[in-house]
Amino acid sequence: GRPDPSVPPSGVSCSGCGAELQCRDSAAPGFLPAEKYRSLSEGPGGAAGLRGAVCQRCWLLAHYGRALRLQLPPEQHRLVVSAALRRPPRHGRGPLLLYLLDLLELPDPLLPQLPALLGPDVPAAGLLVVGNKVDLLPADSPGHLGRLRRRLAAACAQAGLHGAPLVDVRLVSAKTGFGMEGLVSRLQRSWKCAGDVYLLGATNSGKSTLFNTLLRSDFCKSRAPDVVDRATVSPWPGTTLNLLKFPIINPTCERIFRRQERLKEEATKTDDQLSSEEKKYLNHLKKQGYFVGEIGRTFQRQKSSTVIDFDPDMLSYSIDEDPRDSSRKCEEREEFTYNEVKDARWCFDTPGIVKENCVLNLLTEKEVKLVLPTHAIVPRTFILKPGMVLFLAALGRVDYLEGEKPAWFSVVASNLLPVRIATLSNADTIYEERAGQEFLKVPMGGEERMKEFPPLVPQDITLKGIGTREAVADIKLSSAGWVAVTAHAEESLRLRAYTPEGTALVVRDPPLLPYISTIRGARIAGTAAYRTKKPSSLVENLKTAGKR
């Protein structure tokens, strides 16, 4: 489709990313091809015909996983977030800030910047920090969730986030629903409906997924899922370009009582009491994550008319045909009444703040899909002697330079990224000849791709082992993943780790999953590798039949 610079912006937001719909500039957020824009906006309702439409970018993300490169610098992301947070307090009270971080990214690079982003002129009344993607990490020992929560609390304290503003820290999986009912209960118990709520976080921390999950929970008004379209969810960083929102339900005593009764009843369910559809859905989630939870609705309005599904194909950009009967669909679209929202408190999804020094900023959309884990991570453990090298794709490298005994190197990264073992004598040759090829997989594109890709730069690391079952530290290779190093007690190791120039390499001590090397099978004869072992999944608040 072509742009038309003569057409003014619509004043209507894309229901997928929140950007203002326009057909003036194909490189700017909110673009719709001029032909589609006119077909939706020139009907009887005028610009109202665009309501519920998604922009070309969201349509391609949702249907093809393609991401258009947009001219939206990090400064503009920060500007939108900062301006939103500095709005005058509504209802006499500042907002609650719900900061979401990716647990795999600890220490979160933006957490220390949060006090500066908020600043003294931000009228925030509270801060709740949520660690997301807990479902991707296997349980390396009993009580590992409590340990992760303590690590998250310690990171907050180190960043200067403690005391009165910090309401709580929580662990959830916005994707599988684990911990979400507890988060909703915490929000309603401590925040009630006192003011607006803003979802903050880095790009790709899962904010849009959390927004969509809260939208189908008891946190939003009962009619909201019928009226508010879901945010576009994609592995491409920075999907949300402006502010999306839904109205928060007022948790009256009667509503809280009804919700608690529902939760008690669901907590008594056993797996053999689930319907075939429920079992199918849970099995689907269990394949994706180690920790799974169910999201229920206590307050649901009985529908007297046909549900109008959110259908980007019909409402917006289409490759080969015009939307069918779009004017009728727009007329049937539900809207909130004035009385429903005149005093409403809102939950806002804000644009993700772009992480600097992040390897994802160097990758293409296909490469991002391979690097970002979307399913439960299966750890891969190798036993290396001095003089051996471990490659994580062509994005990271760890050399074992000096040590008296072999040590264990456990890789925690996307299951789609290859791990290759080499020796110091041939590692450079392997990288020069095989980077950009299928052997190392990412980056992809051969010699031409590698010419523009930054070289790997080294950092020397010295560690001292604490035992053969407990890792001494994680070597975090930017956002590509990490390698947990386990060595004999008091054994001194000299390592050299590499990441692409301009990206962050972090030695995380203590490690996030200290007993990760114990999640392994038998040694594969003639190799440095152990067989992989995937722990079973846990469904929250679901009893196994026959157990009491």
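These legends describe close-up views of a predicted model. Local features need pLDDT of at least 70, side-chain atom pairs count only at pLDDT 80 or more, and totals for chains, interfaces and linings use all residues. Residues are numbered from 1 along each chain as its sequence is written, and side-chain values use heavy atoms, with hydrogens and water left out.

**View A. The largest nonpolar core holds 53 residues.** Such a core is a set of buried Ala, Val, Leu, Ile, Met, Phe, Trp, Tyr and Cys residues joined through side-chain atoms within 4.5 Å. Buried means under 20% relative accessible area (1.4 Å probe, protein chains only). Leu395, Phe409, Ile475 and Leu495 touch the most other members. Strand S9 (residues 388-392) gives the largest share, five residues. Strands are DSSP runs of E, at least two residues; helices are runs of H or I, at least four; both are numbered from the N terminus. A second, separate core of 44 residues includes Phe178, Trp346, Ile377 and Val412.

**View B. Surroundings of Ile475.** Contact means heavy atoms within 4.5 Å. Beyond neighbours within four places in sequence, Ile475 contacts residues including Val398, Ile461, Trp482, Leu495 and Val506.

**View C. Five strands form an open sheet.** The order is S12-S9-S10-S16-S13, with antiparallel pairing. Two strands pair if DSSP finds at least two bridges between them. S12 (419-423) and S13 (456-464) are the edge strands, each pairing on one side only.

**View D. Antiparallel S9 and S10.** Four bridges join S9 to S10 (residues 396-402). Phe391 has Arg397 in S10 as its bridge partner.

Methods
Buried means under 20% relative accessible area, exposed over 50%, partly exposed in between (1.4 Å probe, protein chains only).
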